[in-house]
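Here's a quick walk through a protein model, from its overall build down to a handful of residues. Have the structure open while you read.

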Amino acid sequence: MPDAATLTRTLLSVRDLHGFYGESHVLHGVNFQVAEGEVVTLIGRNGVGKTTTLRAIMGLLDRQQGSIQVAGTELVGLRPDKIARVGIGYVPDDRGIFASLSVEENLMLPPVVKQGGLTVEEVYGLFPRLKERRKSQGTKLSGGEQQMLSIARILRTGANLLLLDEPTEGLAPVIVQQIGDIIRQLKAKGFTILLVEQNFHFASTLADRHYVMEDGKVVDMIPNDRLEAEAEKLARYLGV
Amino acid sequence: MMELIGIPPQALFGQLLLGLINGAFYALLSLGLAVIFGMLGVINFAHGALYMLGAFVAWLLFQELGVGYWPALILAPLVVAAFGVVLERTMLSRIAKMDPLYGLLLTFGIALVVEGLFRHLYGVSGQPYPVPDALQGGTNLGFMYLPTYRAWVVVASLAVCLGTWYAIERTKLGSYLRAATEKPQLVQAFGVNVPLLVTGTYAAAVALAGFAGVLAAPMYQVNPLMGSNLIIVVFAVVVIGGMGSILGAVITGFGLGLVEGLTKVFYPEAANIVIFVIMAIVLLVKPAGLFGRTT
Ligand SMILES: Nc1ncnc2c1ncn2[C@@H]1O[C@H](COP(=O)(O)OP(=O)(O)OP(=O)(O)O)[C@@H](O)[C@H]1O
Ligand SMILES: [Mg+2]
């Protein structure tokens, strides 16, 4: 039995989640929890279902079963726009920058879903480069800038749970470091972050805990301070 | 009388004006088609029938209720929009994820039903609709005579086209529309009610067709087949302009109207086919259309 303290502190709770693309069964009973203010990663080899788990939380799969609760609200069965309004900000793995929108329009696109989001000035403070380029077409930005835009635009909305799908994929080390700094600042501001990450070294500098996925399931949880001790096991999971 | 390249200026400018007027209708209709295609992925074959519906609603308002041109210019598009909401919610939304061919067949069927209904009720002979008092008469410009109503049609169409362009390209709502055209799922995952946006877009785009129908009513007779005669050319215009671009649809619409008018002056035999010839050439040279994006 979880005690009262953990009940109130758990922000996201995923239980026995099954997900499908058409006929193919991709998630086979995913279980994990994220507490308020935590940074938690989903790690695992390519194709284990990390992206699918995030898409399932956003209600974007053809079909899903099980339970996803955020602050006590059941998300399974809700439309994606209703799910977003529970207070979730989503950074998809392809960054999702709109070519027909300027940088500024991309930034201003997601509607405010809750009070307490960052102001536009605060967002530009975190990402000064976006302010300089605000009149450019969204997809004219460099890969790193697009990634920053993808993160920046969900900070305005008041969402307090952020789902980030491989924000460092394909980026130069300097940019990865900048994004790491941003995520640390967001954690300090109290955001709760579920991070899908392949770059394990990067993840270990930010996260509180790591959930390991294999074949559409969460198979293990490793607290960040146990990483060294569990290094061998982890290497086996990730096949490195 | 001065002559240009052997053509009396009266004839030249007269045909240019006619071309501009045809272009006004091409622009209004192809604009709506482009928006619908972008958002719903549907080639809206019912567009011509909805244009006809706009004209008929104006005519019925006048005949049955004595409601004049100016209120009809607002009311008829609203009626067409309401009909569009019903079409989208009850039928088009159900085929949203299917092959585009289903949308084409469905809207083609809707066009046949709507046109058949009006043919059954009112026959194929046209119904006259009076030019409103304020737009009677015309002006002699020296080089040509300009009927006031025709000038109004060009100005009103241009204004509505530019207004639509502004709404799509420069407003917040327009940015939702553009974004949802690209990645509807992601826009919905940001908290935007995309299904509602799709319905609203369809309603607004068919309202433009209804508006064009009201504009046409005093100039041409109100006839159940007026839409199907026009829509084939409008499809060619859309193919030439490219499906993706709003401004492209407007420019192509007016431009091709003018080209058609000029052809009537210089080589009248080809006037009816010039747009299709251009379409064939564009398809060969730039299949995505003049303003289309190749992705
Ligand atoms: N649209 C789709 N249709 C069908 N199957 C899909 C689709 N997208 C992903 N899959 C399959 O679902 C499984 C999980 O994919 P997912 O993208 O969630 O993996 P991932 O853990 O995010 O991998 P990566 O590290 O490569 O991003 C894979 O086997 C993949 O082939
Ligand atoms: Mg992935």
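This is a predicted model: local features need pLDDT of at least 70, side-chain atom pairs count only at pLDDT 80 or more; totals for chains, interfaces and linings use all residues.

Residues are numbered from 1 along each chain as its sequence is written, chains are lettered from A and ligands numbered from 1 in the order in which they are written, and side-chain values use heavy atoms, with hydrogens and water left out.

**The build of chain A**

Chain A has 10 helices and 10 strands; these are DSSP runs, with helices being H or I of at least four residues and strands E of at least two, numbered from the N terminus. Its radius of gyration is 17 Å, close to the 18 Å that the globule rule gives for 240 residues, so chain A is as compact as a globular protein of that length. (That radius is taken over C-alpha atoms, and the rule is 2.2 Å times the number of residues to the power 0.38.) Along the principal axes, the C-alpha trace of chain A spans about 50 × 40 × 40 Å.

How much of chain A is buried? Of its 240 residues, 54% count as buried, where buried means under 20% relative accessible area, exposed over 50%, and partly exposed in between, using a 1.4 Å probe and protein chains only. If you look at contacts (heavy atoms within 4.5 Å) in chain A between residues at least 6 apart in sequence, 68% join residues at least 24 apart. The accessible surface of chain A comes to about 10400 Å², with 50% of it belonging to carbon and sulfur atoms; areas come from the Shrake-Rupley method with a 1.4 Å probe, and for residues only the protein chains shown count as cover.

On to charge. Chain A carries 27 positive and 29 negative charges, and their mean positions are 5 Å apart. Lys and Arg count as positive and Asp and Glu as negative, leaving out His and the chain ends, and each charge is placed at NZ of Lys, CZ of Arg, CG of Asp or CD of Glu.

**Salt bridges**

Over all chains, the structure holds 15 salt bridges, each one a side-chain nitrogen of Lys or Arg within 4 Å of a carboxyl oxygen of Asp or Glu.

| Pair | Closest N and O atoms |
|---|---|
| A:Arg209 and A:Glu38 | 2.6 Å |
| A:Lys135 and A:Glu104 | 3.1 Å |
| A:Arg129 and A:Glu145 | 2.6 Å |

A:Arg209 and A:Glu38 form a salt bridge that links distant parts of the chain: A:Arg209 sits in strand β9 (residues 209-214) and A:Glu38 in the loop between β2 (24-35) and β3 (39-43), 171 residues apart. Both A:Arg209 and A:Glu38 are buried.

The bridge between A:Lys135 and A:Glu104 runs from the loop between α6 (128-132) and α7 (143-152) to helix α4 (residues 103-108), so the pair ties together parts that are 31 residues apart in sequence. A:Lys135 is exposed at 65% relative accessible area, while A:Glu104 is partly exposed at 25%.

Then there's A:Arg129 with A:Glu145. A:Arg129 lies in helix α6 and A:Glu145 in helix α7, so this pair ties together parts 16 residues apart in sequence. A:Arg129 is partly exposed at 36%, and A:Glu145 is buried at 11%. Salt bridges with shared partners join A:Arg129, A:Glu132, A:Arg133 and A:Glu145 into one network.

**Some single residues**

What does A:Tyr237 touch? This residue lies in helix α10 (residues 231-238) and is buried, with a relative accessible area of 15%. Beyond its neighbours within four places in sequence, A:Tyr237 contacts A:Arg45, A:Val212, A:Glu214, A:Val219 and A:Asp220. The C-alpha atoms of A:Tyr237 and A:Val219 are separated by 9.3 Å, with the two residues 18 apart along the chain.

Over in chain B, B:Ser30 belongs to helix α1 (residues 9-40) and is buried at 0% relative accessibility. Not counting residues up to four places away in sequence, B:Ser30 touches B:Val234, B:Val237, B:Val238 and B:Ala249.

Last, some backbone angles. Most residues other than glycine have a negative phi. A:Ala71, not a glycine, has a positive phi of about 50 degrees; A:Ala71 lies in the loop between β4 (63-70) and β5 (73-74) and is exposed at 56%. A:Arg95 also has a positive phi, about 75 degrees, but A:Arg95 is buried at 15%, in the loop between β6 (88-91) and α4.
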